[in-house]
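Me: I would like to learn how to read the features of a model like this one. Please show it first, and then we can go through it.

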Amino acid sequence: MDLRIALAGNPNCGKTTLFNSLTGSNQFVGNWPGVTVEKKEGKLKKHDGVVITDLPGIYSLSPYTLEEVVARNYLICERPDGILNIVDGTNLERNLYLTTQLVELGIPVVVAINMMDVVQKNGDKINTAELSAALGCKVVEISALKGTGVMEAAEAAVDAAENGKTVPMHTFSGTVEHALAHIEEAAVHNMPEEQQRWYAIKLFERDDKVLEQMQLEKTILEHIETDIRAAEAEMDDDAESIITNERYIYIGEVIKKCLRRKSAGKLSHSDKIDKVVTNRFLGLPIFAVIMFLVYYLSMVTVGTAATDWANDGLFGDGWHLFGIGSSAYGKAAEEYGSAALIVEGYNAYAEENGAAPTGDFPYLSEDEETLEVTEETATYAEYTEALAVVEKYGEAPEPAAYGIWVPGIPVLVGSGLEKAGAAEWLAGLINDGIVAGVGAVLGFVPQMLVLFLLLAFLEACGYMARIAFVLDRVFRKFGLSGKSFIPMLIGTGCGIPGIMASRTIENERDRRMTIMTTTFIPCGAKVPFISMIAGAIFGGSAWVATSAYFVGMAAVIISGIMLKKTKKFAGEPAPFVMELPAYHLPTVGNVLRSMWERGWSFIRKAGTIILLSTILVWFTTYFGFTSEGFRMLGEEELAQSLLAAVGSAVAWIFIPLGWGNWQAAVASVTGLVAKENIVGTMGILYPGGWPEIAENFSMAAGYSFLVFNLLCAPCFAAIGAIRREMNNAGWTWFAIGYQCLLAYGVALMVYQIGSAFAGNLNIIGLIAAVLVLVLMIYMLFRPCKEPTRLTTGVKSGKMAA
Ligand SMILES: Nc1nc2c(ncn2[C@@H]2O[C@H](COP(=O)(O)OP(=O)(O)OP(=O)(O)O)[C@@H](O)[C@H]2O)c(=O)[nH]1
Ligand SMILES: [Mg+2]
């Protein structure tokens, strides 16, 4: 049997950080309470047979929310062999409240005071010997972040689990002890001795869960009730408060003996920053600016340079080594290209009219970005100039002549396959399928890494927790709770942990609503298609990605307001009590690790599920029934493919949204498998790349496509998470149906109203869009329905406990 050590402590005290360093795992760490919502096990490094369990944070052993129940049940029902209680040294008073309960459990406890690096920097001193004597268990000092003292702490816990015994030092007042003695005698005397005290105290508090678990006989219950009543009458308070108060009084005494504060009363750095960042008026604008910067840096500056290289170079024709020669070649190619078009126009005119033009003549010019072809006029003088240029070059300039030219993967693979004499279908599968599809997704890796890096930094330093606080003020105006923001915050990485994070919401209706709306926020997998639309149709503007983020957030707020007006969701928002963690500079290692974790899972997905999807998409795209029967198709025959047939059958649904072509319809459907697939599928279906996409989408249609895929049902994995968290098929379908309907309605408005502004008015479409708008406004402003009875009996206001 393995020795089991549980890491228990308040939220955000560093349990997961310690867990990662003790076990070498990579669990997610963030600077706000409620990051871990499930227990995780790992083997202690260099110690065979010791299993460490990371638990969600708890403030006490009376849980209110789902993830707190997980922690409590593990401690009480599965009873680990030892508890390593992590205590945030910068917040001893609140943290020790849990400690006083843990030492009563009858399980050996070792207290590890964490964040000692901060405590020391603040100049505070903790007397551990004194604290250890007061609590009745060993106390060690650690810094999980810096890794100091962590192994010693784990070994102390192992030692205590094997040999130790923790006996609580604290006694309640005489009246309470008297009642406890009676309860022990009457109700719990047949339990193991070390557990009796804890159960007696819980019975005294009339804890529902313990009462339910013990199934006491009615006579015994009545007997202990008289004891409790007597104590309550004597102390003039209810039993639960008596216990809570006495614990705090005791903690106050302990703290007085063991802690010497240097920085009492001064405003800390965090408080000063918060005065600005969470300011009533500045908070939101600062948030908007920061999010814009995050997307600007990842999408436009650092990210784009790298992504362009990945898309056009690595997964395109090729690139100049170190960029040397690129601009010279670019200039030459452009000069030659535009001159050649004029010369072509001249020759075409001559051929058509049988005589060379003497004056002005028309020629076709092509826009480099959109590939749009327009007719221009050139003069004879321009022709002579152009002819000179063309003659100077002789032929189209070769990139290899300007620097060291490295061919891209498609070129290499193509020539390799040709040399090996691969069959046509195999070459097609590899180049037009896998390289085009998976390559299109992998091309976004640099951007994603920059984005993940910035998000990891914001999460780790503590800023994101402030956003929940700032948004709470906004959300509350609409009857929503800022608590709903935490899942969305996690959802910017991936929707699945986001949906799971809804467990921190105690109110069942708010929780359901949060599950339904969390995936509106663009997750990492949606970023590539947002970026593709921005790049192909909007000239790479950073506003597109930033707007997607705020469209997602608006969708959450609007949905919240609309849903809250229905019977099923009505009711006061859950009170939002979250302490703001102190800001701190995250370690480089931690931020990089978090970035790499997310980035790697993105890459891994490209190699598995995206790869499989692209193979399927390629096969159904490049094969079809023609007049000569079933065969492989050429690039210009794709309209006859199997996929085109299927896609066309559903594409009409999207005509009102402006992108009723089968390619876009198919891409949206493959997006349900994984959202990265949208980019991969478009990569296969538009062999001409971004310029071909730009040709097929107007700006209004492009943005409508973006909005639809942002808001509609998430990928299957996330739908599975919704199913698990809702724990009900009806609610799951309701969530998916609502998401798709909302996506359709908003995309319809975007396209129809956007087109009308662009001068492409479609009267019927516009009427439909206006109707949707009116309906939404009605849903937003109609009076509230009376709430139905709340089904769960959870209490609110846990911080008071
Ligand atoms: N300065 C400092 N920061 C730390 C230390 N240990 C953890 N942190 C930071 O504290 C924050 C919370 O760490 P987590 O490990 O996620 O905390 P947790 O206890 O698992 O939190 P929940 O899962 O929400 O209960 C992170 O930003 C950590 O980087 C430490 O020793 N010193
Ligand atoms: Mg954790």
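Reply: Start with a polar contact, a pair of N or O atoms within 3.5 Å; within protein, one must be able to donate a hydrogen and the other to accept it, and residues adjacent in sequence count only if both atoms are side-chain atoms. Here a polar backbone atom of Asn12 lies 3.0 Å from an oxygen atom of ligand 1. Asn114 uses a polar side-chain atom, 3.0 Å from an oxygen atom of ligand 1. In Asp117, an N or O atom of the side chain is 2.8 Å from a nitrogen atom of ligand 1. On its own ligand 1 has 660 Å² of accessible area, of which the protein covers 98% (Shrake-Rupley method, 1.4 Å probe; for residues, only the protein chains shown count as cover).

Me: What should I know about the model and its numbering?

Reply: The model is predicted: local features need pLDDT of at least 70 and side-chain atom pairs pLDDT 80 or more, while totals for chains, interfaces and linings use all residues. Residues are numbered from 1 along each chain as written, chains are lettered from A and ligands numbered from 1 in the order written, and side-chain values use heavy atoms, without hydrogens and water.

Me: How many residues surround ligand 1?

Reply: A residue counts as near if one of its heavy atoms lies within 4 Å of the molecule. For ligand 1 there are 26, the closest being Lys15, Thr16, Thr17, Val35 and Thr36. H1 gives the most to this shell, three residues (helices are DSSP runs of H or I, at least four residues, and strands runs of E, at least two, numbered from the N terminus).

Me: Which protein donors does the magnesium ion have?

Reply: Donors are N, O and S atoms within 2.8 Å of the metal (3.2 Å for Na, K and Ca); water is not among the atoms, so sites may look incomplete. For the magnesium ion, ligand 2, they are OG1 of Thr16 and OG1 of Thr36, 1.9 Å from it. Thr16 is in helix H1 (residues 15-23) and Thr36 in the loop between H1 and strand E2 (40-43), so the pair ties together parts 20 residues apart in sequence.

Me: Are Thr16 and Thr36 buried or exposed?

Reply: Buried means under 20% relative accessible area, exposed over 50%, and partly exposed in between (1.4 Å probe, protein chains only). Both Thr16 and Thr36 are buried. Ala306, in helix H13 (residues 283-314), has 24% relative accessibility and therefore counts as partly exposed.
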